[in-house]
Structures are given as C-alpha cells and as structure tokens.
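Let's walk through this structure together, starting with a couple of aromatic rings and ending at a sheet. Keep the sequence and the model at hand as you read.

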Amino acid sequence: MKRLRIGLPPLDQLTADSRVRFAWLERGAVIEEGYESLTQLATSRQAIDCFLHPRDSLLTSLELPPLPAAKTAAAVACAAQALILGPVEQMQVAHGPRENDGRVHVAWVPKAGLARLAQLPIKLRGLYPAPYALPVGAAALDDGYLLTRDSLQQGAVHPLGLQALDVQLVDAAQRWSGPVPTWGLHGGLIQPSTVGWGRALACVALATAIWTFGLNLYAARQVEDGQRLKALMSQQVRQAFPELPVVLNPLQQARQQLAARQTGAAADPGQRFTSLLQLAGSNLPFMVGSVDNLSFEQGRLHVALLADSRNPAAEGEWQAALAQAGFTASRDEHAWTIAPAQAAEKPGAGDE
C-alpha cells in the first residue's frame, strides 16, 4: 500500500499554496519524491503523514515512575509547564509510552499553528516532529538543523547542525523511509471526514436495511395471522348463523345476529324458517324420515314425529351443536320444539 509523506514549512508560514517536499513510499521504500504545493497534493485524496519543520519540532524526555495511563498524562502536563515558554493551555502536548529506562518522550507545538494546518484541504493521517521521518539510528540535515532518530519512540533536533555531533548522514532516498512512532501531535486534529465516516455510514445503512427487513417480515406474519383468524371467525359465524348467505365482516355480522336474537326480532320469517329447518336437518339426523308435520310460529319450529319413530334422549352431542348455534331443542311426547336459546329460557316457554 502506498503512503504519502510531506515535510511542512514553519507553521506560521503555512498556506494552501506552500510548496513542500513530498515522498511516496511503498513497502517502506521511497519510490518517488519531489516538491509540490499542498493544494496539488490534496488532489490525490491520499491520507498524508505530515512532519513538522525542525523549528516547530520541540522535543524532550522525562523520567517518570510507573504510572497508569491517565496519571502519566497528568504528570507530563505538569512537567511541561516548567518547560514551555508561555501558557501551557496554548500548546498541544503529546507524549510516547514509558520505556524500560523510565523515560517518556514529550513534544509540543502551538495550537495556533495546528489551527492553520486544520484549515488546509488535506487528509491528515498523522502529525509528527521532524526526526520521526528518519529510519531508526539515522541522522540527516534539514534547513540547518541536525535530526537524529535513536529509537522508534525517541528523536532529537540539534540546532547547531553538524557542529553538534559527528554522525554519518543518510542519503535522500532514505530520508523519509523511517517508521512512525506510536504517538504524535495529531490528537484532536484529525478532520471528521477522515475518521472512518464511510464505514460508520455503511454500518448505519446495514442496520437500517436489517431493521426494515425485520419489520416487513413481522408485518407479513401479522397479516398472515390476521387472515387466518378472519377465516376461522368466518367459519364459526357460518356455523352459528347458517341463515347468513355470505360472511364479509364476521365480527359485525355476529353482533347483528346476536342482537336480533336477543330482541326476538327476525328480519325475514321465511328466512328464519329455512335456517331452522336446515339446522334441524343438519343436527337432528334422527328426524329424517320420521316427521309427521311441521309448524313455525313466533320464531320457533315445531316438529311432530310419527308415532313409531325413534325418540332419542334429550341430551347428546347434537344438543351441544345446537347450543353453539344459539338454539335449543326440547321435546314433548313425539313433538320437538327448536327455538332460540334466550326465548326457550323465558318463563312459560316450555308450556308453549
């Protein structure tokens, strides 16, 4: 995977048109380098590792005892107040992990300079002091400063150049090939557009799709259950009210039929006679071929049987079927009376 690195000018001179030195790396090796404006480099839409100018690369190290991470940050901030010229609130302070010798490497930079960097149209990956572009154990000259890299976490800037140390410098091809440390000065500076919003939006879209699918599946099951319940209700209404020619709204039609039976009203006596006759023929099979005469009055069907016909007991499964339909049957000698259950319960109904 290719990575883009640039060396920044002093932050107080930084603009979108600033020409900077850049290097393209692939598998840790420099494959291309040169100078270009920040605006032109931004067109690559590549996340960029930025390295401060040596003048802005303020570095030191502190010796601290083993502390939790939160207390280490507080100890570094407290110690930095004695090292920074100016209010510490105006500085961005960062530090690396505590090493085996107890030393913690610290860097700081003015927040005003970081604000200028944040306004540029570049996609920032990380921001590091100048020495951290070097390979470990290497040194290089940069604008009159000597940069050294002692370890993955430690680097130094020597303002006196080669007069400070007698070291061997790396060539230009290796100048930008060092590994970046595990810490940097970009905390709180990474633009929102570079913090994986694409992945976050993709997760939101996936969650929305799953929720929508689940909601549609639930709705489909509810519709299926509703249709099954409606079919069952229609069947029960047809059994209870066989006089209905068609069942469209089971609940409403059942309420209307029950109200009509409670008031003793029948919309059509002929229709009531037909329905009672069908009910008797379906639930009283012992009457088939045994009827002597029929009469219908006041919503009741009177069936007189032949003298030699079989006369079953008054209780049986057929009686439960009639009760489910809202009727009852009673007998007297060879005569049967089929009437609505409410009417049969009225005083004197048996005498009639």
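**Rings first, then strands**

Tyr132 and Trp183 are both buried (buried means under 20% relative accessible area, exposed over 50% and partly exposed in between, with a 1.4 Å probe and protein chains only). Before going on, a word on the source: this is a predicted model, where local features need pLDDT of at least 70 and side-chain atom pairs count only at pLDDT 80 or more, while totals for chains, interfaces and linings use all residues. Residues are numbered from 1 along each chain as its sequence is written, and side-chain values use heavy atoms, leaving out hydrogens and water.

How many aromatic pairs does the structure hold? There are three, where rings of Phe, Tyr and Trp (its six-membered ring) pair if their centres lie within 6.5 Å, with planes under 30 degrees apart counted as stacked, over 60 as edge-to-face and the rest as tilted. Take Phe51 and Tyr128: their ring centres are 5.7 Å apart and their planes are at 35 degrees, so this pair is tilted. Phe51 sits in strand E4 (residues 48-51) and Tyr128 in strand E8 (residues 124-128), so the pair ties together parts that are 77 residues apart in sequence. Helices (H or I, at least four residues) and strands (E, at least two) are DSSP runs, numbered from the N terminus. Phe51 counts as buried at 1% relative accessibility, and Tyr128 does too, at 6%.

Now back to Tyr132 and Trp183, which form an edge-to-face pair, 5.7 Å centre to centre with 75 degrees between the planes. Tyr132 is in the loop between E8 and strand E9 (139-142), and Trp183 is in the loop between strand E11 (155-158) and helix H4 (197-240), so this contact ties together parts 51 residues apart in sequence.

Ring pairs also link Trp176 with Phe51 and Tyr128 into a cluster. Over the face of Trp176 lies Arg175, at 4.4 Å from the ring centre (the cut-off is NZ of Lys or CZ of Arg within 6 Å of the ring centre and within 35 degrees of the ring normal). Lys2 does likewise with Trp24, at 4.7 Å from the ring centre.

On to the sheet. Four strands form an open sheet in the order E12-E13-E15-E14, with antiparallel pairing; two strands pair if DSSP finds at least two bridges between them. E12 (291-297) and E14 (327-332) stand at the edges with a single partner strand each, so one side of each has no neighbour in the sheet. Inside it, E13 (residues 300-305) and E15 (residues 335-340) pair over four bridges, and Val303 has Trp336 of E15 as its bridge partner.
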